[in-house]
Structure formats: structure tokens, C-alpha cells
Amino acid sequence: MKKIAISIGDLNGIGIALALQNHHLVKKFITPMYIIDKEMLSLASELLKLKIPDDFECVEYVSQGFKIMPSTISKESGRYAFESFKIAVELAKDGKVDGIMTLPIHKKAWEMAGINYKGHTDALRDFFDSEAIMMLGCEKMFVALYTEHIPLSQVALESRDALKFGRFLENFYQSIKDKLQIHESIAVLALNPHAGDYGVLGDEEKILNSVIDNFNLKYQKKIFSNTIVPDIAFSQKNRDKYRFFIAMYHDQGLIPLKALYFEESINISLNLPILRTSVDHGTAFDIAYTDTLPNNLSYLNALKYYL
């Protein structure tokens with residue numbers, strides 16, 4: 001079985017509960033290594049009233065310990081989550097694990113701790129000096145994001161950059177081609193309403209389609225569709241035809257994905273020397289350290305991606 005480093009996320013949230021409650025399940029298909037100190041693990045298990053499994057492997061030292069304060073944003077929890085993540089990455093770099101899976105962080109806690117990254121993907125780009133690609137979804141439907149956490153005012157400018165868009169298509173295709181079935185194509189969403197209506201509502205689609213046509217010509221097959229009108233892209237007919245979609249901006253792709261498959265979707269970082277998966281939800285402070293059990297579908301799917 002593959003050995004996967006699990007960075008523990010924000011200890012004031014639900015991540016540690018997911019790890020403890022589901023250890024008996026995940027150890028059946030991967031070998032987990034939890035990036036948490038035994039001291040912090042003990043504190044969390046006491047608060048949760050959950051027993052630590054005898055075979056719950058963790059590291060000896062992550063960072064300076066702190067008082068866990070359920071459902072609280074703190075620089076201490078932010079710092080610990082970041083250090084846990086860094087150790088997981090180093091283990092993967094050194095070949096000591098086969099990949100990493102990240103439990104949810106709180107972006108504000110990272111900021112309070114003086115960490116200058118918006119999240120895991122931003123940090124991975126810096127760590128590896130690579131144009132990491134964010135893809136989210138489940139086996140029924142995956143959505144890759146051409147642009148992510150930027151203002152909408154900047155999306156059109158990015159969409160007019162033919163060289164950057166071409167690199168994105170190449171990097172994305174190389175990252176997921178082994179998962180494509182024979183003759184399976186990838187859907188590309190237009191930027192503008194009605195795909196620009198032949199330039200009436202914007203001409204970015206002319207640039208995008210030109211790049212797509214050149215790419216398909218290079219490989220002598222239709223790998224990417226020409227730009228699809230966004231408001232019908234995720235219709236049942238298109239979801240029967242496509243499994244992989246490229247959205248031009250964050251909400252364009254993630255609103256339909258989360259409306260359809262929120263509880264089972266995962267987050268995957270592509271175009272890196274290592275593979276990283278993550279749950280597709282946050283710290284869930286509203287239920288952290290309560291009697292309400294967090295839904296485990298996303299957590300299990302993020303680890304099953306390695307099978």
C-alpha cells in the first residue's frame with residue numbers, strides 16, 4: 001500500500017476528528033502518516049473524547065505546542081498547520097512517502113501567523129517553482145481552474161494571454177492524460193456570456209479557441225473542446241459527454257461543482273513533482289469538537305485518489 005503523509009490542518013477545526021474517526025477505514029487502502037506531535041494529538045483526543053488507535057503513526061516534532069481552542073482563529077493554530085504541511089512536503093520530496101493529503105486550514109490563521117500564502121496551492125507553487133494547477137471534483141466530474149483566487153477584474157486579462165493559456169493546456173493534459181479514456185475530450189468553458197456571441201459580448205474566445213485549435217492540431221486529435229457557452233456547460237447532456245472541465249475563473253467552475261457534488265469532492269494539485277490531494281471543505285468551526293460527526297466522504301475520496 002502507498003504511504004501518504006497527512007498534514008493535520010488547523011487543530012482548532014475538524015481535521016483531527018476526521019483523522020481519528022476514520023483511521024480504521026483508511027488504513028485498509030493506504031498507510032497513513034499523520035503530521036502531528038504526540039503531545040498535540042493527546043490534547044486533541046482528550047477534547048474530542050476519542051481514543052488514539054495503537055497504530056496511529058505520527059511524527060516526533062512538528063512545531064511548538066499550543067492550547068487548542070475549538071472554533072477559534074489563532075496565529076498559533078495557523079503556524080502549526082503550516083509547519084505540518086511543510087513537513088509533509090519534505091517527506092514527499094525525499095521519497096519517504098508516496099504523496100501528501102492536506103486537512104483543512106484557515107487562511108486567516110495563516111495570515112495572522114505571518115505566512116504569506118493564500119493556501120496550500122500558492123505555497124506549493126513557490127516550493128517547487130512550478131505552475132501548479134488546482135483541480136477539484138470527484139469521479140463523476142472534475143473541474144480545473146485556469147485562474148483561482150484573483151479579482152474578476154483580472155480574469156479577462158489572464159484570458160487574453162495566449163502563451164499562458166497554452167502552457168496551462170499542456171500542463172493540464174500531461175497531468176491527467178493517464179486518466180482519460182480513449183477518445184475522451186476535455187470541455188473548456190468560455191469566459192463571456194454566450195461565448196462572446198461572435199465578438200458582440202467580448203472577443204476573448206477568439207484567442208482561447210485559436211490556442212485550443214493549435215493544441216489539438218499538435219496532437220492530431222480533439223483533446224480540448226472549443227469554448228462552451230458557460231450557462232449550459234454543466235447541463236446533464238454535457239456531463240454525459242465530458243468528465244473533465246476547465247473553468248476560466250473560480251466561481252464559474254466551483255458553484256456548479258459544489259451544488260452537485262460538494263460532500264464527495266476533493267482538491268488536487270497537479271503539475272508538480274509530487275501529488276497532493278485535499279478535502280474540498282473548510283475547518284467547519286461550527287461543528288468542531290462537538291457531538292456532530294463531520295462528513296467523511298471528501299476525506300476518504302482524497303486518500304482513495306492514490307489507489
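1. Buried, in this note, means under 20% relative accessible area, exposed means over 50%, and partly exposed is in between (1.4 Å probe, protein chains only). By that rule S130, at 19% relative accessibility, counts as buried. This is a predicted model in which local features need pLDDT of at least 70 and side-chain atom pairs count only at pLDDT 80 or more, while totals for chains, interfaces and linings use all residues. Residues are numbered from 1 along each chain as its sequence is written, and side-chain values use heavy atoms, with hydrogens and water left out.

2. S130 lies in the loop between α5 and β4, where the element names follow DSSP runs numbered from the N terminus (helices are H or I, at least four residues; strands are E, at least two). Once its neighbours within four places in sequence are set aside, S130 is in contact with R125, N271 and L272, contact being heavy atoms within 4.5 Å.

3. The structure holds 16 salt bridges, a salt bridge being a side-chain nitrogen of Lys or Arg within 4 Å of a carboxyl oxygen of Asp or Glu. One of them joins E131 to R167, with the closest N and O atoms 3.0 Å apart. This pair links distant parts of the chain, since E131 sits in the loop between α5 (120-128) and β4 (133-138) and R167 in helix α7 (residues 162-176), 36 residues apart. E131 is partly exposed, with a relative accessible area of 36%, and R167 is partly exposed as well, with a value of 39%.

4. A further salt bridge is formed by R243 and E184, whose closest N and O atoms are 2.9 Å apart. Here too distant parts of the chain are linked, with R243 in the loop between α9 (236-241) and β7 (244-247) and E184 in the loop between α7 and β6 (187-188), 59 residues apart. Both R243 and E184 are buried.

5. K258 and D280 also meet through their side chains in a salt bridge, at 3.6 Å from N to O. The two residues are 22 residues apart and link distant parts of the chain, K258 belonging to helix α10 (residues 250-261) and D280 to the loop between β9 (276-279) and α11 (297-304). K258 is partly exposed, with a relative accessible area of 34%, whereas D280, at 7% relative accessibility, counts as buried. Elsewhere, salt bridges that share partners join R79, E83 and K86 into one network.

6. R79, a member of that network, is found in helix α3 (residues 75-93) and counts as partly exposed at 29% relative accessibility. Leaving aside neighbours within four places in sequence, R79 is in contact with S63, A113 and I115. Between R79 and F245 there are 34 Å in space, C-alpha to C-alpha, and 166 residues in sequence.

7. A helix pair deserves a separate point. The axes of helix α1 (residues 15-26) and α11 come within 11 Å and cross at roughly 50°, the axes being lines fitted to C-alpha atoms over the stretch in contact, with angles that run from 0 to 180 degrees between N-to-C directions. The two helices are therefore oblique to each other, given that angles under 35 degrees count as roughly parallel, over 145 as roughly antiparallel, 65 to 115 as roughly perpendicular and the rest as oblique. On the α1 side the contact is made by L18, A19, N22, L25 and V26, and on the α11 side by Y299, L300 and L303.
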